[in-house]
Amino acid sequence: MMARKLPATDVVIVGLGWTGSIMAHELTGAGLNVVAIERGPWRDTATDFPTTYAPDELRYRIRHDLFLRPEQLTMTFRNNANQTALPIRSWGSFMPPNGVGGGGVHWNAETWRFLPSDFELRTHLVQRYGEKFLPEDMTIQDWGITYDDLEPHYDKFEYLCGTSGKAGNIKGRIQAGGNPFEGARSREYPTPPQKQPYGPTLFAQAAQEMGYKPFPQPSGNLSQAYTNPLGVTLGPCTYCGFCEWFGCGNYSKASPQTTILPALIRRPNFEARTQCEVLKINLDKSGKRATGVTYVDTSGNEWEQPADLVLLCAFQLFNVHLLLLSGIGKPYDPRAGDGVIGRNYSYQVTSSVDAFFDDKIFNPFIASGSIGMCIDEFNGDNFDHGPLGFVGGGYMGAVQTNGRPIQTARTPKATPRWGAEWKKAVAKSYLSSYEAVTHGGCNSYRDAYFDLDPTYTDRLGRKLMRVTFDFHENELKMSTYLTDRLAEVVQKMGPRQLEKHPRSGHYDVTVYQTTHTCGGAIMGVEPRTSALNRYLQSWDVANLFVMGATAFPQNPGYNPTDTVGALAYWAADAIVNHYLKSPGPLVQI
Amino acid sequence: MRMRNLMTLALAACAIGLAAARAAEDNQAFEKIERGRYLAVLGDCVGCHTAPGGKPFAGGAALETPFGALVGPNITPDVATGIGAWSESDLWRAMHEGIARTGARLYPAMPYPAYTKVTREDVSAIWAYLRTLEPVHNEVQPNQLTFPFNVRRPATSTWDLINFKPGVFQSDPAKSDVWNRGAYLVEGLGHCGTCHTPKNITGGDRGGEALQGALLQDWYAPDLTADPRMGIGSWSTEDIVRYLKTGANSFDIASGPMAEAVENSTSHMTDADLLAIATYLKDGAPRSANTAIALAHDDTRMVAGKAIYEDRCAACHISSGAGVPTLFPRLAQAPLVQSTDPTSLIRVVLIGSRAAATSAAPTAPAMPSFGWTLSDTEIADVLTYVRNTWGNAASAVQSTDVTTLRGRVSR
């Protein structure tokens with residue numbers, strides 16, 4: 001069917017989540033006409049996740065109400081190239097978002113900056129440990145930008161969100177009570193840290209006694225009301241513990257809905273088309289210039305939206321998929337080790353320690369997606385890896401995200417899996433047990449990548465994207481080491497019984513871990529090893545920019561959203577102040 | 001062919017006629033047109049004369065009255081369906097006397113009892129502005145009243161004899177210029193009393209009760225007098241200005257019809273005019289005999305209401321009733337909460353409501369509907385609690401009132 005051609009616009013944005021909203025706001029602010037095309041529905045706090053029914057674990061957590069339906073679009077998965085990939089028919093390990101607000105609707109709002117050394121990872125590690133220290137198939141690389149480049153943009157995103165936290169380093173001065181390992185901030189967080197429940201408080205005491213420097217986790221669930229520079233007001237978090245998987249009905253969690261959209265939708269040069277799925281980015285005959293996008297509405301009508309500038313702002317997985325389907329950039333070939341689209345897929349390596357107490361009541365239902373006390377001694381390269389035989393790390397801590405009724409059923413080992421004894425153990429453990437976590441990074445490897453599946457297609461006949469991924473020895477070693485260190489702190493909290501759950505074995509795509517899928521069209525210093533330049537501009541198509549964790553060359557030991565937001569502001573700044581004055585490649589090679 | 005020539009001739013004649021009628025007009029009188037535009041904002045003409053999503057001033061917004069619906073006519077210069085055939089004197093007569101070009105009496109949904117106070121000079125500027133609008137062909141049936149109210153009103157009407165006193169605003173030399181400007185705006189173009197002044201059985205203003213609060217379209221327009229409990233006595237001049245400018249202040253957030261008034265009109269007013277309005281309102285005499293005693297905290301309705309409040313309301317409005325400024329309205333010592341008439345309270349609990357959005361305060365937070373999850377008795381109890389705690393005092397809400405309103409607003 002021929003797509004019907006619409007009047008041209010200055011900018012077309014694919015996906016109206018965090019990065020789409022930020023780009024739309026910045027570029028409409030620069031006077032451009034912006035059309036955002038969103039696959040899912042419009043979403044509004046009071047209409048779509050009101051307090052009267054938003055805290056519904058069955059509907060949202062178990063039945064995945066907010067997420068993309070795999071029937072509409074999914075991907076195939078395999079652990080390695082010797083296997084045949086099969087379609088994911090029910091989400092497990094990660095949760096692809098859908099609808100206006102994207103992942104910003106359902107995140108836990110943990111708002112971390114990456115370490116300065118994370119951005120120059122290969123250079124840093126080779127300098128400190130030598131080239132031979134890194135596994136031969138590890139394809140980590142530098143980002144092409146520095147922490148200092150990004151700092152003003154981190155600051156802008158955090159002040160948009162109203163992030164609650166305690167700075168550990170302001171302009172090079174270490175601040176008591178904050179994370180002493182973080183890069184220098186230009187100023188304090190916009191709002192003070194959230195209140196800490198009993199578990200994190202105990203954890204912090206134990207960590208302090210062991211000589212660590214615990215600090216409150218930076219949170220996008222706000223400790224107090226906050227009005228951001230756009231004039232949009234957020235309310236204080238009520239610690240209800242329905243954050244990740246849920247929309248916040250209290251206007252307390254930073255999301256496009258609670259920070260940008262109310263200001264954006266007032267602008268006459270902004271338009272959003274929801275329930276419209278972009279099928280591909282169109283190129284001119286030279287293949288060097290995007291002419292717009294083609295999308296399909298719910299009636300099956302295809303539309304062509306011409307635009308001077310195309311911004312790919314969908315979720316990480318779908319950005320890569322659209323690049324592959326559109327024939328932009330050279331697809332990655334793991335055998336030859338060349339090509340860039342699909343290269344360097346990375347994930348997150350999490351683990352936990354369960355502790356069972358006799359004399360303590362933790363009230364896990366007093367929760368927020370990002371309260372908790374953490375330590376950062378074992379993140380990135382904050383510790384000497386020389387004797388350890390691996391690189392990378394993660395933050396760890398007591399993070400009290402929820403005590404929801406269906407899934408909070410922690411029992412000690414050797415408890416029967418059902419029956420009266422199980423019920424007794426659940427009842428006993430609900431209040432008196434505690435789970436502490438590590439949040440480890442994941443390096444990139446030659447054999448972890450995306451390509452188009454040779455067999456499976458979606459309802460429109462488009463090839464599904466194939467995910468090939470497994471954990472590597474380096475990450476499993478790291479997870480064991482981090483989990484051991486965490487267990488030492490938890491042991492000091494005085495449990496009756498303690499159980500360590502380091503990440504082990506093969507990656508399991510059916511078990512939830514995090515939604516921090518990264519890479520596939522990474523940023524870098526040269527087109528041979530990256531899809532995007534340091535401004536997130538396609539090396540191949542200069543009027544195409546690709547936002548999100550798609551650009552991460554590898555994934556550090558933190559949650560990605562703060563960096564995703566900062567990179568969007570960084571790219572918007574480059575577009576407004578450089579690209580628009582002289583449209584073309586912003587980096588010459 | 002012959003037919004077409006005749007048509008052309010007729011059209012040409014028509015055009016000459018119009019040109020003659022407009023000969024006296026200076027259609028590039030920028031200052032006058034721009035002043036007229038601002039005056040039309042002050043009068044919120046667009047509010048009644050624009051359909052939701054329709055072209056501005058092309059008519060179509062329905063006003064529900066106890067006598068049936070009245071729809072704002074098309075006031076663009078379209079000859080066939082708008083006021084293209086009117087003269088400036090016709091507009092003056094409509095605004096000042098409430099009489100249409102046809103000679104028929106307008107219905108007072110067109111607030112001529114207030115607009116009569118507008119000066120001739122200002123009406124002339126509004127006219128100059130309206131003439132510059134794009135003529136929009138849009139047929140509107142303004143009179144959708146039920147019998148017998150839909151019978152065209154005679155030029156001399158009993159209603160006007162009782163309720164209408166024509167006359168341009170006369171300033172009070174004993175008061176400041178700012179006060180007088182405020183009075184001119186509130187009583188004239190601003191037509192605040194159209195919603196906020198209690199009405200008699202015929203729908204006219206009740207004498208001596210100006211701005212003391214009134215029920216309209218199942219909303220209670222609150223008391224705007226300086227009454228310290230139910231009025232704006234506790235608001236400073238700056239609080240009033242901020243509310244009208246942004247739709248929110250530390251006490252309250254505009255919702256319902258006032259949200260429209262803020263979005264269309266008050267948020268676009270100059271700071272000087274807002275200050276004038278606030279100055280005048282602050283000087284209004286508080287209503288007399290204003291005493292209410294809070295219900296005992298152990299009253300069964302209060303006990304039940306407190307439990308519901310803590311469970312369903314406190315997350316946003318806070319246990320202390322303090323709310324969150326510009327996001328969740330304050331309930332403690334809030335005038336609207338203690339109004340004699342709880343209709344607005346019942347309504348927002350039943351079906352929810354969205355706050356005004358302005359450039360200065362774009363958040364537009366919304367209260368979700370609780371009508372599907374709370375019974376009539378539960379809604380009555382929680383509102384009774386809210387109206388009688390944290391220093392609040394007001395009559396209990398009856399579950400029968402909730403039942404009645406539920407039937408009306410859930411239609």
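1. Two residues are taken to be in contact if their C-beta atoms, placed from the backbone, lie within 7 Å. By that criterion, 20 residues of chain B are in contact with 17 residues of chain A. On the side of chain B that touches chain A, helix 13 (300–317) and strand 7 (366–367) of chain B each supply at least two residues; helices (H or I, at least four residues) and strands (E, at least two) are DSSP runs, numbered from the N terminus. That side of chain B comprises 15 nonpolar residues, 5 polar and no charged, where Ala, Val, Leu, Ile, Met, Phe, Trp, Tyr, Cys and Pro count as nonpolar, Asp, Glu, Lys and Arg as charged, and the others, Gly among them, as polar.

2. On provenance, this is a predicted model, in which local features need pLDDT of at least 70 and side-chain atom pairs count only at pLDDT 80 or more, while totals for chains, interfaces and linings use all residues. Residues are numbered from 1 along each chain as its sequence is written, and chains are lettered from A and ligands numbered from 1 in the order in which they are written.

3. Chain A contains an open sheet of 4 strands in the order 5-4-21-20, with mixed pairing; two strands pair if DSSP finds at least two bridges between them. Strand 5 (86–87) and strand 20 (449–457) of chain A are at the edges with a single partner strand each, so one side of each has no neighbour in the sheet. Strand 4 (residues 75–78) and strand 21 (residues 463–468) of chain A run parallel and are joined by 4 bridges, and Phe77(A) has Val467(A) as its bridge partner in strand 21.

4. Helix 10 (residues 316–326) of chain A lies across strand 4, strand 20 and strand 21 of chain A, at about 125° to strand 21. Axes here are lines fitted to C-alpha atoms, for helices over the stretch in contact, and angles run from 0 to 180 degrees between N-to-C directions.

5. Strand 2 (residues 9–14) of chain A runs parallel to strand 14 (residues 302–312) of chain A, with 5 bridges between them; Val14(A) is partnered there by Leu312(A). Strand 2 of chain A also pairs in the parallel sense with strand 3 (residues 34–37) of chain A, over 4 bridges, with Val11(A) opposite Val34(A). The chain passes from strand 2 through helix 1 to strand 3 of chain A in a right-handed β-α-β crossover, that is, with the strands pointing away from the viewer, the path from the first strand over the helix to the second runs clockwise.

6. Chain B has an open sheet of 3 strands, ordered 1-2-3, with antiparallel pairing. Its edge strands are strand 1 (62–65) and strand 3 (143–145) of chain B, each pairing on one side only.

7. Helix 6 of chain B is largely enclosed by the rest of the structure, because 9 of its 12 residues are buried. These include Trp127(B), Tyr129(B) and Arg131(B). The cover over the buried residues of helix 6 includes helix 2 (30–42) and helix 4 (88–97) of chain B.

How values were computed:
A residue is buried if 20 or more other C-beta atoms lie within 10 Å of its own, exposed if 12 or fewer, and partly exposed in between; C-beta atoms are placed from the backbone.
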